[in-house]
Amino acid sequence: MNNKLISFHEVSKIFKVGDENFTALRDINLEIKTGSFMSFVGPSGSGKTTLLNLIGGLDVPTSGDIFFKDIKLSSLSRNMMAKYRRENIGFIFQTYNLLPVYSVYENILLPLLLNGLKENTVRERVIDIVSKVGLLDQIKKKPSQLSGGQCQRVAIARALVKDPLLILADEPTANLDSKNSLQILELMKELNQQYKAAVVFSTHDEKVTRYIDREIGLEDGKIIFDK
Amino acid sequence: MDTIYIKKLLSLFFFIFTISPLLNLAEAIDAQKLLKEVDDNLWSNTKFISGRLIIDNGRKVRTLTQDSWMEGVERSYSHYKSPAREKGTKMLKLKGKLWIYTPRTNRKILIAGHLLRQSMMGSDLSYEDMMEDHKLSQSYIATFDRIQSIKEVKYTILNLVARDKKTTYQTRRVWINPKDKTILQEERFAKTGKLLKKILFKDYESIDDRIFPRTMIFKDLLKKNTQTTYKFDVIKFDLDIPDHYFSISILRR
Amino acid sequence: MNWDIAKKNFFRQGLRASLNVFVTAFSIIALIFMLSLLNGFQAQATRNVVNTDVGGGHYIAPGFDILSPTEWEDHTVKIPKSLSQLDDKDKAEVLVQQGQLYPNRRLYPVQIRGISMNQSLLKLPLDNLFNFQKPIEDLIPAVIGAKMAKKTHLNKGDILTLKWRDKSGAVDAKDILIIDVGDMLNPRVDDGVVWLRLDHLRFLTDRAEEVSWVAVRNYVGPILGFEYQSVELLMADLLSLWRQDRINSKILWAILMVLVCISVFNTQILNIFKRQKEIGTLMALGMEPKRIVRIFTLEGGLAAFWALFVAILLGLPFFIWFHSVGFDVSHLSESTLPIRETIYPDYQPLEIIYSLVIVFVLIVTAAWLPVKKITKMNPTMALRGRAIK
Amino acid sequence: MIVFLFRGIFRDKSRFLFPISIVTIGVALVVALVGFMEGVFMGMIDMTANLDTGHLRLVNKPFYDEEHLRPLDRSLAAQKETLKWLEHNTNSDITWAPRIRWGALLDVPDVNGNTKSQTPVVGMALDFKSSDSFEIKRLHLVESLLKGKLPLGKNEMVIGNQLAHSLKVSLGQSVTLLGQSFDGGLVADNYTIVGFIKFGVTTMDKKMVLIDLIDAQNTFYMDDTVTDWLGYFPSSFNFTNYVDVKNKINFNLNTWIKTPPKDWAKDDIPITLSILDQQNIGSMVKTFTLIKSFVVGIFTFLMMLVLWNAGVLSGIHRYGEMGLRLAFGESHWKLIFTLGIEGLFIGILGSIVGCIIGGTFTWYLQEIGLNMGDAFSKSGLMINDVVRARLTLDGFIQGIIPGIFSSVTGTLIASLAIFKRSEANLFRELEAG
C-alpha cells in the first residue's frame with residue numbers, strides 16, 4: 001500500500017494585495033504520509049496557513065499541482081473539492097470555532113450530519129469520541145461554558161469523529177496556556193496513533209516540537225528546513 | 001329652425017288674408033257672454049254631489065267615494081266615504097284656504113304653499129286644481145277662436161286669458177256647445193302656451209233645469225297613461241247646507 | 001475630525017449603506033408622493049367645487065336653503081347695487097328655481113339653475129348656452145351634466161318638457177333643448193340640475209334682476225338683505241372629509257416611517273456588532289465613548305443625508321414627470337366626488353420640508369438609539385469582538 | 001440535518017430573533033396597512049351599504065326606475081314570501097334587511113293643533129323593534145343619537161339634528177307625516193319625535209327621518225310590502241365577490257318571476273343590484289384598488305429592501321458558520337439550499353407572528369377604533385373621526401406573501417455573497433471571528 005497521502009509539486013500561491021502581488025508560497029515540493037504527525041513552523045506570514053488551506057482544499061494553487069493520493073486536487077470541481085474535504089479532512093482552529101449555539105455533543109455531530117449520516121446511527125460514535133477526549137461529563141454544555149482547553153478538545157473530537165485521513169490544525173495551541181497546550185498536544189498525539197489519521201499543524205510554539213515526528217520550517221513562502 | 005319661423009310667418013299671412021271674413025263673423029259672437037252663460041249653467045248657490053273619484057295612475061285603478069257640499073265659489077266641504085283607508089277624511093275649503101282632516105291623525109292640516117301643488121290623493125288633480133274656486137267668466141277674459149264641428153254639433157271654441165297674473169293656468173281653451181251652454185272639453189295651458197291638462201265633460205243630463213255633466217275626465221298630458229275620472233252619482237242644487245259644514249269645527253271625528 | 005471619521009466609515013460600509021440609503025430614499029419619495037397626491041386630489045376637488053359653485057363665498061337670499069326645494073321660490077331677492085356693480089369676473093349671479101322635467105313623459109323633479117352668462121368667476125361648461133342666439137319662443141336652451149344625462153337617459157339634442165312656476169305662481173312649461181351635456185366635475189351642480197341662462201330664467205319666471213344668491217370672488221362686507229356664507233360653511237362636508245383623509249394619510253405615513261426606522265435601527269445594530277473591534281481599538285486609542293457614539297450617529301445621519309440626496313436625484317425627475325402626466329382617474333369623474341379626469345400632485349414646499357425634517361430626526365434617532373450602548377462597552381471585550389453577543 | 005440546523009436557529013438570537021423580528025414587523029405592518037386601508041375604504045362602502053344600498057339590494061324595477069320620486073306605489077309586495085324566497089335561494093351568510101324609503105311632508109302643529117311649520121323630508125323605515133334585528137347596530141344608531149332615544153313604541157321617529165333645529169321641535173313632540181300611500185292615496189299619520197340623530201352629513205342631518213318598518217307599513221298602507229331588501233355580507237366577505245352572488249340571485253329570480261306571488265303587480269320585476277352598481281361605488285372601488293395596490297406595492301418593495309438588507313447583514317454575521325461548514329466539506333449549493341430553507345422557515349414563522357401582531361392591531365382598530373377627532377364630537381354614521389380597520393384574508397395574504405418571499409430572497413441574495421467568496425476567504429473571516 002502506498003502510504004503517500006499528499007504530495008506537492010512545484011506549488012506556488014500568489015495573492016493580489018491591492019496592485020501588488022504577494023507571493024505566499026514559492027515552488028513548494030512536499031509529501032505527507034498517512035498517519036504522520038507533523039508541523040509547519042515559522043513566523044507570521046511565512047505561508048503556514050496558506051499551505052494548510054491548500055492541503056485542505058480550501059484554496060487552489062496559482063501554479064503547480066497538489067495530489068491527494070493519486071487525485072489531482074486542482075482539477076477537482078468546487079463540489080468535488082467539498083466532497084474531498086467532507087470525507088478526508090478534519091479541521092482544528094486556533095480559536096476553536098465551535099458553534100456557540102450547539103452543545104458539545106451537537107458540535108461534534110455536525111460533520112457527520114454533513115456527511116449525510118443520521119443522528120441515531122452515529123450517536124454512539126459521538127459519545128465514544130467525547131469520552132476519548134475526556135469530556136463526557138460536559139457533553140451537554142455549550143462552548144461558552146467550557147474552558148479554552150476543553151473547547152479545543154471538542155474541536156479535536158469534531159475533527160476526528162468522521163474518521164478523516166488527515167487533520168489540519170492551524171495553530172491549535174496559540175490561544176492556550178502552556179499546561180493546556182501540552183495536554184492538547186498529548187491528546188492529539190494519542191489520537192493520531194489510535195485513529196491512524198495524519199495530523200498536520202502549523203505552529204510557532206517551541207513546545208510543540210517535542211511531540212512531532214516531522215517538522216517543516218517555513219520562511220517567506222519557502223521551506224527552509226524539513227526534519 | 002329658421003325655416004320653421006318662416007313657415008309660421010307665412011301661415012300667419014295666409015290666415016289673415018284668407019280667413020279674415022270669418023274673423024268678422026267671430027266678432028259677432030260675444031265670447032264673454034257665452035262663458036258667463038256656461039258658468040250660470042254650472043254654478044249654483046249651493047250644491048251637493050255624491051261622487052266617485054276613479055284614479056288611474058297607469059298601473060292601478062283606485063276608486064274613492066265622497067260627498068261634497070259647496071256654497072258659492074268660496075266654501076266647500078268634502079267627506080270621503082271609501083275606501084276604508086280614506087274613510088272619514090274631510091276636506092274643507094274656506095276663502096282660499098284648504099284644510100284636510102284625517103281621523104287617523106285627528107288633526108286638521110292646512111294645505112298651503114307647495115303642498116297645494118301636490119297631486120290630490122294620487123289623482124291627476126292637484127289640491128290647487130281642487131281649490132279652483134272661481135267662475136271662468138270672472139277669472140278669464142274670453143275671446144272667440146273658431147267654430148268646430150264634432151259629431152254634428154257646432155262647438156264654439158273660446159280662448160281664455162287670465163285676468164290675474166296669479167291664476168295658475170294663464171290660458172285655457174274651452175269647447176262650448178252654445179245651444180245648451182255646456183262644455184265639451186277644456187284645455188289648460190302653461191303661461192307660454194304649452195298644453196298641460198285636458199278635461200272632458202261627459203254624460204250631460206238635465207238636473208233641476210240645468211244641463212249638468214255626470215262625468216269629468218282629467219288628464220295630465222305631461223304624464224303617460226294616467227287619468228282621473230270624477231263621476232257624479234247624486235247631484236243636488238240649491239239645497240240648504242247647515243252652516244257648521246263650512247266651519248273648522250267640522251274637522252274632527 | 002468626527003465628521004471625517006464618520007464620512008470614511010460610512011463610505012466603507014458599501015452595500016449595506018447604500019441599501020439603507022435606498023430604502024430611506026424610496027420612503028421619502030413615496031412619502032412626498034403620497035402627500036402631494038393627496039394634496040392634489042383635495043386641492044383639485046376643492047377647486048372644482050369652488051370653480052363650479054362656491055366661488056369665494058355666497059351672498060345668499062335670507063332663508064334660502066339649497067336643501068329645501070319647495071322654498072326656493074320664496075327666497076329670491078333683487079340684486080342690490082353693491083353686488084350688481086361688481087365686475088363680471090368677481091361675481092356670478094345665480095337664480096335657482098324648482099322645476100319638473102319630463103324625460104320620457106315621466107316626472108323628474110329638478111333644480112333649474114340660471115347663471116349670468118357674462119360672469120367669469122365660475123368655470124362651467126356653458127359656452128354653448130352663452131352662444132345660443134335664437135329667441136326662446138320655440139325652445140329654451142339648457143345644459144345638463146353628464147351624471148344627470150346618464151340618470152335620465154338624455155342626450156345632446158334631446159327636446160323635452162320642463163315645467164315651472166313664475167313669480168306669481170302661474171304654471172308654465174315649455175320644451176327645452178339640451179344643447180350640451182357638460183362635465184360639471186361637481187355632482188352638486190350636476191345631479192338633478194338643469195342649467196339655463198340667467199336672462200332666460202328671469203324672463204320665464206318673471207323675476208327680473210332677482211337672484212337666489214350671488215357668488216363672489218371676495219367678501220365685500222355685510223350687505224343689507226343678504227346673508228354671507230363663507231367657503232368654509234358651504235364646503236363643510238367636503239372639508240370634514242378632507243380632514244378625515246389627512247388623518248388617514250398620517251397613519252400611512254407613520255407606518256411607512258416605522259419601516260424606515262427599523263431599517264436604519266437594524267443596520268446600526270449590526271454595524272456595531274460587526275465593528276466592535278474597531279470600537280475597541282478607538283477606545284484603546286483613547287477616544288471617549290461619547291465621541292464614538294457621536295461618530296456612529298453621524299454615520300446614521302449621513303445615511304439620511306444621502307437618502308435625501310438620492311431622493312432628490314431620483315424623485316425630482318419622477319415628480320416633475322408625474323406632474324406633467326397626472327394620475328388618471330377618469331372613471332371617477334362621474335362619481336360623487338368633485339374631481340376631474342386627471343389628478344395632478346400638488347407639491348407643498350413647506351409640507352415637504354416639514355416631512356423631511358421629521359424623517360431626518362427620526363432616522364438620526366433610530367441611528368443613535370442602538371449606538372448609545374457603546375458607552376457601556378468594555379474596551380477589552382470589544383477588542384476581542386466579544387462585547388456584544 | 002435540517003432539524004439539526006433549526007435547533008441552532010432557535011438557539012441563536014441573531015440568527016433567529018433578528019430576521020424573524022424583521023419579517024414579523026414587516027408582515028405586521030403590511031397586514032395593518034392593508035387592514036387599515038381596507039378599513040377606511042370598506043368603512044366608506046359599508047356606511048353607504050348600511051344606510052342606502054346594502055351590499056346587495058333587491059328592489060322592484062319600476063321602483064328603481066323612478067327612485068328619485070320614492071314611488072311607494074311601485075314597491076314590492078309579499079314581504080314574507082320574499083324573505084322566505086331569499087332565505088332559500090341566496091347564500092346563507094347574507095342577512096336580508098327589509099327597508100322602506102319614503103318621502104313625505106313633515107307637519108309640525110302648534111298647541112292648538114294648527115300647522116306651525118311644514119317641510120319635506122326623506123325617510124327610511126327599518127326594523128327597530130324586532131329582537132333579532134341588527135339594524136340599530138348596523139347603522140350605529142345608538143352612538144349617533146345626540147338626544148333622546150330610539151323608536152320603541154308605536155309611531156315614534158328619530159330625526160336629523162339639524163332638521164330638529166330648523167323645525168324647532170323638542171323631544172316628545174307629536175308631528176304628522178303627510179304623503180302618498182302605497183296605492184297612491186293620501187297618507188297622514190302622527191308620530192312622536194323621540195330622538196335626534198347626528199348623521200354627520202349635512203343633507204341627512206337636515207332632511208332625514210327614521211321610523212320603524214312596521215309603523216311605516218301601517219302609515220303608508222304597505223302591509224307585507226317593502227321598497228327594498230338590503231342584503232349584508234359578513235365583513236370578511238370581499239366586495240369582489242358581490243357581482244357573482246348578484247348574478248346568481250338574478251338568475252334565480254328569473255325562475256321565480258315565472259310564478260310570482262299573487263300580490264305582485266303585473267309589471268313587478270324584482271332585480272338585484274350590488275353596491276357596485278349604485279352611487280358610483282363601482283368606479284370608486286376601481287380607483288381604490290388601484291391606489292391600494294400602488295401603496296401596498298411601494299410598501300412591499302420597501303419591505304423587501306429592508307429584509308434583503310437584513311438578510312445580507314445576518315449573512316455577514318454568519319460568515320464564520322458558513323466558513324466552517326464549507327471547511328467541513330458542505331457544498332455551496334447545499335449550503336445555499338439550507339439557507340433558503342432557513343429563510344423560508346423564518347419567513348413563515350415571522351409571517352405567523354406578524355399576522356398575529358398585525359392582525360391584533362387591525363382587530364383592535366376594527367372593533368374599538370382609534371379616535372382621532374376631538375372627544376366632544378360624537379361619531380356620526382357616515383363620516384366620523386374614528387379610524388377603523390378591516391381584518392381580511394386579503395390583508396394576511398398580502399402580508400404573508402411578501403414576508404416569506406422577501407425573507408427567502410433576502411437570504412438568498414445574501415448567500416450569493418457567500419457563493420462568490422472563496423472558501424479560504426470565508427475561512428479567514430471565520431478566523432477573524
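At what angle do helix α4 (residues 119–132) and helix α6 (residues 178–195) of chain A pack, and how far apart are their axes? In this predicted model, the two helices pack at an angle of about 135 degrees, and their axes lie 12 Å apart. Besides this helix pair, the briefing covers an open sheet of four strands in chain A, the helix α1(A) that packs on that sheet, and the loop residue D:K149.

**The helix pair α4(A) and α6(A)**

- Because angles over 145 degrees count as roughly antiparallel and those from 65 to 115 as roughly perpendicular, the angle of about 135 degrees leaves α4(A) and α6(A) oblique to each other.
- On the α4(A) side the contact is made by A:D128, A:I129 and A:K132, which meet A:L187, A:L191, A:Q194 and A:Y195 of α6(A).
- By residue class, the contact of α4(A) with α6(A) divides into four nonpolar residues, one polar and two charged.

**The sheet of chain A**

- The four strands of the open sheet follow the order β2-β1-β4-β5 in chain A, and their pairing is antiparallel.
- Strands β2 (20–33) and β5 (71–72) of chain A form the edges, each of them pairing on one side only.
- Strand β1 (residues 4–17) of chain A runs antiparallel to strand β4 (residues 63–68) of chain A and is joined to it by five bridges, and A:H9 stands opposite A:D65 in β4(A).

**Helix α1(A) on the sheet**

- Helix α1 (residues 48–55) of chain A packs on the sheet, where it touches β1, β2 and β4 of chain A, and its direction makes about 125 degrees with that of β1(A).
- Seven of the eight residues of α1(A) are buried, so that the helix is mostly covered; the buried residues are A:K48, A:T50, A:L51, A:L52, A:N53, A:L54 and A:I55.
- After α1(A) comes A:G57, which has a positive phi, near 70 degrees.

**The loop residue D:K149**

- In chain D, the loop between β4 (145–148) and β5 (156–160) contains D:K149, which counts as partly exposed because its relative accessibility is 36%, a value between the limits of 20% for buried and 50% for exposed.
- Leaving aside residues up to four places away in sequence, D:K149 touches D:E156, D:V158, D:V194 and D:G195, and with D:E156 there is a polar contact between the two side chains at 3.1 Å.
- Although D:K149 and D:I193 are 44 residues apart in sequence, their C-alpha atoms are 9.3 Å apart in space.

Conventions:
Residues numbered from 1 in each chain as written. Chains lettered and ligands numbered in written order. Predicted model: local features only at pLDDT ≥ 70, side-chain atom pairs only at ≥ 80, totals over all residues. Heavy atoms only, no water. Pairing = 2+ DSSP bridges. Contact = heavy atoms within 4.5 Å. Axes fitted to C-alpha atoms, helices over the stretch in contact; angles between N-to-C directions. Buried < 20%, exposed > 50% of the residue type's maximum accessible area, 1.4 Å probe, protein only. Polar contact = N/O pair within 3.5 Å; in protein donor to acceptor, adjacent residues only side chain to side chain. Parallel < 35°, antiparallel > 145°, perpendicular 65-115°, else oblique. Nonpolar A, V, L, I, M, F, W, Y, C, P; charged D, E, K, R; others polar.
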